[in-house]
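Please have the structure open as you read.

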Amino acid sequence: MTTYLAGFTLGLSLILAIGSQNAFVLKQGLKKQYVFIICLVCALSDAILIGFGVAGFGAIVQRFPEIEQIARYGGALFLASYALLSFKSALTTNHALGSNIETKGSAWKAVLMCLAFTWLNPHVYLDTVVLLGSISTQYPGEQLQFALGAMCASFIFFFSLGYGARLLAPVFSRPKAWKVLELLVGVMMSLIAISLVVG
């Protein structure tokens with residue numbers, strides 16, 4: 001259960017960061033357009049990438065054990081950098097999301113846009129394949145639980161974001177709400193980075 005929660009926590013902290021994919025899902029939720037399919041595409045994409053990362057890194061580390069140490073400290077550095085960017089954004093940037101956005105398009109167009117935001121974003125590969133894959137090696141024999149935790153975090157997050165967007169619209173129209181979110185993301189990533197170094 002501890003391994004599952006570690007995967008869930010890390011997966012959630014990575015996916016919380018404000019980006020084009022999350023903004024797209026949030027906007028679709030605000031407009032109530034193709035919410036289910038958009039959330040499903042995002043979550044399944046993450047699940048595929050997480051599975052690939054965990055499976056691939058497990059096999060590689062068995063052949064080259066020294067990769068584990070490099071991955072541990074590299075992952076910590078990556079998370080610390082992410083945390084600093086979140087803190088910087090919280091202190092210097094005024095995010096705000098308006099609901100007066102583009103008119104309704106086709107379902108296929110929405111799905112293709114979603115796939116582009118997901119698969120053409122290099123950060124997705126860093127987060128899922130590289131970072132989650134490398135950190136999963138810290139849990140020998142329990143990588144499956146770690147991966148399931150991270151996958152569940154993606155499903156819960158995307159569907160909560162998509163369907164909860166209407167409730168969040170008044171909140172995230174204010175820049176202060178985004179600042180609080182960025183601060184929380186920064187704190188979570190900092191704590192995980194520290195745990196990798198001292199663990």
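What follows is a short tour of two helix pairs and one residue found in both contacts. The model is predicted.

Two packed helices are described by the angle between their axes and the distance between the axes. Here are those values for the two pairs:

| Helix pair | Angle | Axis distance |
|---|---|---|
| α1 (residues 2-16) and α7 (residues 143-172) | about 40° | 7 Å |
| α2 (residues 20-31) and α7 | about 55° | 7 Å |

Start with α1, which is oblique to α7 and passes that helix in a right-handed crossing. On the α1 side, the residues in contact include Thr3, Phe8, Leu12, Ile15 and Leu16, while α7 brings Phe146, Cys152, Ile156 and Phe157, among others. Sorted by class, this contact has 15 nonpolar and six polar residues, with no charged ones.

Helix α2 also lies oblique to α7, and the crossing of α2 and α7 is right-handed. Here Gln21, Asn22, Val25, Leu26, Gly29 and Leu30 of α2 meet a set of α7 residues, among them Phe157, Leu161, Ala165 and Arg166. The contact of α2 with α7 is made up of eight nonpolar, four polar and one charged residue.

Now zoom in on Phe157, a residue of helix α7. Is Phe157 buried or exposed? Its relative accessibility is 12%, so Phe157 counts as buried, the cut-off being under 20%. Leaving aside residues up to four places away in sequence, Phe157 touches Leu12, Ile15, Leu16 and Asn22. Asn22 is 135 residues from Phe157 along the chain, yet their C-alpha atoms are separated by 9.7 Å.

Notes. Residues are numbered from 1 along each chain as its sequence is written. This is a predicted model: local features need pLDDT of at least 70, side-chain atom pairs count only at pLDDT 80 or more; totals for chains, interfaces and linings use all residues. Side-chain values use heavy atoms; hydrogens and water are left out. Axes are lines fitted to C-alpha atoms, for helices over the stretch in contact, and angles run from 0 to 180 degrees between N-to-C directions. Helices (H or I, at least four residues) and strands (E, at least two) are DSSP runs, numbered from the N terminus. Angles under 35 degrees count as roughly parallel, over 145 as roughly antiparallel, 65 to 115 as roughly perpendicular and the rest as oblique. A crossing is left-handed if the near helix is turned anticlockwise from the far one by less than a right angle, and right-handed if clockwise. Contact means heavy atoms within 4.5 Å. Ala, Val, Leu, Ile, Met, Phe, Trp, Tyr, Cys and Pro count as nonpolar, Asp, Glu, Lys and Arg as charged, and the others, Gly among them, as polar. Buried means under 20% relative accessible area, exposed over 50%, partly exposed in between (1.4 Å probe, protein chains only).
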